[in-house]
Amino acid sequence: MTLTAGPDGRSSIPIESLKRKKDHFERGEDRRSLEDPRAELLELEDKGELVVQKIDHEALTLPTKYGRPKRIQKAHLWHHKSCGQCGHIPGYSTSIFWVMRQLGYDYHDPRDQTSCTAWNYYASATSNSAAQAAVAVRNFAAARETGYFPLIHCGTSYGHYKEVREELIRHPELRAEVRRIMGKLGKELVLPEEIVHYSEWFHAMRGEIAAKQVRDFTGIKVTVHPACHYYKLVEGDAIYDPDIYGGQRTAVVTGLAQALGADVRTYSTWFDCCGFGFRHILVQRDFTRSFATLRKIEVMKEEADPDVVLTHDTGCVTTLDKSQFAAKAHDRNVGLAVMSEAQFAALAMGAHPYKVCQLHWHSADYRPLLEKMGIDWEKAWAEFQADLKRLENGEKRYLDWDDVDN
Amino acid sequence: MTATDVQSQLAGAPAPADAHYKLPDVAGYPDVPFEEKARLFEEITNDLRFSDYLYGCYECGICVAVCPSARFYDFSPRRIAQAAAREDVELIYQQMQEDIWECSQCFSCLRCPRGNNPGGIITIMREVAVNNGLASAKEALAGYSRIIYKIMSTGTQVSPDMLQPDAFPDWGPETGDVSANLDLWRRALPPETMHTTTTGWAVADSTLIELYLIWLHTGALDMISDVDASLHAILTELMEERLEDEGIEI
Amino acid sequence: MSSQTVAVIGGGPGGLRAAHAITEIGGQVVLIEQREFLGGTPIAENYAGLTPSGEPAEPQIRAMIEAVTAHPAADVRLSSQVTALAGEPGAFTLTVAGADGDQTIECGSIVIATGFGHFDPGRETQMYGYYEYPDVITLPDLEAMLKTHTVVRPSNGEPPERICFIQCVGSRDRHIGNEYCSKVCCGVASKEAIEIRQLLPGSKVYIFYIDMRMYGYWENEIYWPAQEKHRVQYVKGMITEVLAKGDRLLVRGEDTTMGRPMELLMDLVVLSVGMEPSAGTRQMAGVLGVAQNRFGFIDAVGGPLDTVSTSRKGIFACGAALGPADLEDTVSSAAAAAMKAFGCVRANATATAG
């Protein structure tokens with residue numbers, strides 16, 4: 001029998017053995033680790049209930065919250081855009097496309113795509129589960145028709161589509177109803193093998209992204225805000241990595257920022273929502289402003305003193321960015337650059353802050369961050385203005401990828 | 001309960017309304033008969049998702065601790081789950097008129113150890129409130145109709161031209177810059193689908209037709225007929241005309 | 001060794017009690033333990049005191065070990081694992097892998113006393129950061145500290161001023177699949193809270209709970225003294241997140257009696273981890289071919305009046321191999337299993353003689 005006995009016959013305080021015990025978390029099996037929506041979809045496909053779009057290109061495998069391996073297709077992706085990103089933060093979507101182009105992966109940017117309509121649904125409830133499922137399935141069917149595999153830009157679309165998938169798996173009557181509606185559209189009930197968020201693609205590709213890094217981010221202090229609809233809503237699909245936060249928090253965004261050499265710092269309201277609220281951001285903004293500044297921005301500034309907060313969802317970027325202006329008038333401790341990790345990665349790879357990252361659409365001051373990154377933002381702005389002149393004087397109707405890559 | 005109340009109950013007279021519940025003139029919304037409240041509750045429990053959203057409640061408070069709305073309002077996801085679990089149709093009616101629009105729909109409360117989904121219960125309660133034209137739904141959606149119009153008619157909810165400084169004065173002067181330069185700045189975006197100003201991106205006409213068919217066939221469009229009759233009429237006309245042009249009959 | 005022998009698998013409190021009971025009533029027993037020592041979880045995890053009495057655990061368990069090892073009718077096999085079972089009730093043959101290779105053991109009946117494992121808080125539904133923060137520990141981690149009569153913050157070696165226990169970690173959770181109450185954690189946490197208050201009289205100790213479950217005499221022996229004499233603070237409301245704030249830990253929950261969210265700073269957070277079937281219990285269920293319940297514990301098939309019979313005749317189980325159990329439950333069911341197992345070999349002997 002082994003007991004560590006100290007000199008007075010007592011055993012010594014077991015701090016070292018306690019620390020060793022916590023070195024590495026290895027997930028054991030439990031009910032949730034056995035859940036596999038992918039297998040359930042394939043089973044339903046076998047029964048002729050629906051059609052599953054398969055991953056058919058090279059894919060990377062990442063661990064999810066409960067240990068199920070998730071495959072992320074690298075190329076030939078169908079970009080399910082976000083209405084909030086395209087509408088109000090266009091540098092977000094543009095950076096996602098730009099990074100993918102820089103890495104040399106082909107993609108499809110469809111016109112045959114609607115919004116998931118979930119922002120409106122969570123805001124106003126002016127829809128129902130059949131309509132929401134039909135909107136999702138219509139988009140998935142459209143993706144399958146092109147042969148490109150869906151990659152979802154918005155955290156809420158991603159979360160809502162996982163909800164829809166769960167409802168469709170669980171309720172045969174909903175499947176029947178959606179099949180009926182799809183029949184009117186001449187489409188089938190299609191779901192992809194995996195529902196993939198763009199931040200998972202960025203996480204999977206963080207090595208390739210870092211390999212093309214041209215700006216040094218050492219000393220850039222970063223806080224991360226994880227999006228509720230990414231990792232709380234049907235949480236089993238979210239990426240967790242035992243080497244990031246001991247496997248206790250989602251690894252996306254943080255993993256990429258670390259791979260780019262940034263100094264990722266934590267803070268005590270990490271798990272808090274941003275305060276978006278869906279309807280609140282539009283019609284009850286006092287709540288959104290207060291929550292975003294008091295529970296997120298001010299806490300980050302006080303505890304972590306970051307140069308930038310990175311997040312991975314439309315609503316979170318909007319809320320954290322747009323809520324600071326009014327708070328400044330009340331002398332609150334705000335003034336923190338906000339962007340998606342896609343824009344951050346693009347900047348690391350040498351993207352133009354205005355032509356690609358479109359930071360002029362952002363409200364919180366990002367210029368000190370650019371300076372710290374070694375970017376001359378005045379020069380960059382002048383370059384962008386020169387491009388705009390070319391549009392104004394009719395030299396070109398639109399800027400295109402050739403304009404930003406040169 | 002006062003002695004008089006007890007006496008009246010003993011005498012077989014109908015019990016007075018529970019003092020806990022507000023009178024209609026105080027509450028700001030009409031009281032309805034118990035049977036109507038029970039019917040609304042039945043509409044909630046008949047939703048196919050309801051049985052996945054409510055099991056039992058420990059009163060552990062985890063849902064409240066993570067709830068952003070609980071920090072700013074007199075709002076508690078635990079009370080929502082409790083009222084539904086107790087089938088307290090009076091309280092549920094009150095919550096449908098007062099509480100449900102405060103929820104942020106962030107779904108932080110999904111970590112409930114019992115597997116409840118208070119945010120999901122609220123989604124269903126809101127749907128029922130909209131579907132039945134409850135006062136709270138009318139109030140919550142007042143000022144919101146242009147968003148519903150945008151999403152239902154264009155398939156993208158947020159369009160660049162919504163960024164008007166008078167609509168978002170609290171978002172800072174950059175909003176004004178965006179709206180002043182909107183067309184030019186949109187044309188400067190490299191992705192070809194994003195040169196739009198009235199929609200988030202360019203949605204194909206055939207895609208819109210399919211979306212309209214979804215709204216019409218699932219009854220989603222008709223849900224708003226009670227809360228916003230004029231919006232409902234405008235959208236119905238728009239969609240039906242468009243489908244007619246395509247030779248599609250509903 | 002023969003069909004007159006009872007084999008007991010597992011040398012913790014349950015297995016020791018069962019083995020001892022068989023010798024007490026004149027039987028032959030072989031006790032098979034996979035570790036190189038006897039005493040089970042209380043010894044392996046350095047338990048300080050027994051619940052509810054608080055008496056030092058090690059001397060008490062040692063006395064149990066002595067009672068078995070000193071008895072001529074008890075054959076103890078350490079570092080041994082059962083790998084196969086053949087035969088039938090009254091004439092079982094166990095294959096046991098040990099230091100000297102495979103051996104066979106003939107026995108008439110079997111008692112499974114393979115116990116439980118502590119829930120790994122890395123799998124918890126709430127965000128407790130056990131693998132992130134040194135000052136988040138578990139009940140058994142604290143037991144090991146209490147055994148040294150010293151409680152410190154692992155991060156800096158300083159005594160904590162504010163300590164909290166979070167109950168029901170890994171128990172009563174539909175997501176995890178452990179829908180049961182682990183039974184002992186309320187009592188153990190309260191006992192440990194008392195010990196901390198005695199060691200560190202200047203400290204403030206909180207227990208955050210859903211329900212406090214200390215049945216029978218545990219109420220007056222632990223719960224009341226903890227509240228009334230040792231001023232342990234009981235708060236009805238669960239903690240959902242533990243995050244660092246400065247060099248302390250911020251715990252976040254709802255004070256449900258007040259109906260408002262609460263946030264408190266702590267120096268040390270103790271997770272009251274529940275019970276799960278041990279790896280040995282899961283393995284033995286497979287090797288011996290006895291049914292498990294949906295939580296992985298050995299299924300007791302006899303209903304409320306027979307707590308120890310398994311799905312296979314001649315094989316019995318006791319203690320925490322059957323489900324969450326405190327030491328009082330464990331030794332009681334161990335004696336019941338011993339009696340059944342002994343009765344089984346006696347009946348067989350009588351039948352053979354007849």
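Chain C and chain B meet through 16 residues from chain C and 16 residues from chain B, where two residues count as in contact if their C-beta atoms, placed from the backbone, lie within 7 Å. On the chain C side, strand 14 (residues 248–255) gives the most, with three residues. Sorted by class, the chain C side has three nonpolar, eight polar and five charged residues. For that sorting, Ala, Val, Leu, Ile, Met, Phe, Trp, Tyr, Cys and Pro are nonpolar, Asp, Glu, Lys and Arg are charged, and the others, Gly among them, are polar.

A word on the model itself: it is predicted, so to speak of a local feature takes pLDDT of at least 70 and side-chain atom pairs count only at pLDDT 80 or more, while totals for chains, interfaces and linings use all residues. Residues are numbered from 1 along each chain as its sequence is written, and chains are lettered from A and ligands numbered from 1 in the order in which they are written.

Chains A and B also touch, with 75 residues from chain A and 62 residues from chain B. Helix 6 of chain A gives the most to the chain A side, namely six residues. That side holds 31 nonpolar, 24 polar and 20 charged residues.

Six bridges join strand 13 of chain C to strand 14 of chain C, and C:E241 stands opposite C:R252 in strand 14 of chain C.

Chain C as a whole is split into domain 1 (5–115 + 278–353) and domain 2 (120–274), with bounds that come from an automatic or database domain assignment. The C-alpha centres of these two domains of chain C lie 32 Å apart. Their contact involves 13 residues of domain 1 of chain C and 18 residues of domain 2 of chain C.

Chain A has a sheet of its own: four strands, open, parallel, in the order 9-8-10-11. Strand 9 (263–265) and strand 11 (337–340) of chain A are the edge strands, each pairing on one side only. The twist averages 35 degrees from one strand to the next. Three bridges link strand 8 (residues 221–225) of chain A with strand 9 of chain A, and A:K221 stands opposite A:D263 in strand 9 of chain A. Helix 14 (residues 285–304) of chain A lies across strand 8, strand 9 and strand 10 (308–311) of chain A, at about 145 degrees to strand 8 of chain A. Helix 17 (residues 341–348) of chain A also packs on the sheet, touching strand 10 and strand 11 of chain A, at about 90 degrees to strand 11 of chain A. Such angles run from 0 to 180 degrees between N-to-C directions, with axes fitted to C-alpha atoms, for helices over the stretch in contact.

Then there is B:H195, found in the loop between helix 13 (182–187) and helix 14 (205–217) of chain B. B:H195 counts as partly exposed because 18 C-beta neighbours lie inside 10 Å; the buried label needs 20 or more other C-beta atoms within 10 Å and the exposed label 12 or fewer, with C-beta atoms placed from the backbone. Leaving out residues up to four places away in sequence, B:H195 touches A:Y398, B:R186, B:R187 and B:L189.

Terms used
Helix = DSSP H or I, 4+ residues; strand = E, 2+ residues; numbered from the N terminus. Pairing = 2+ DSSP bridges.
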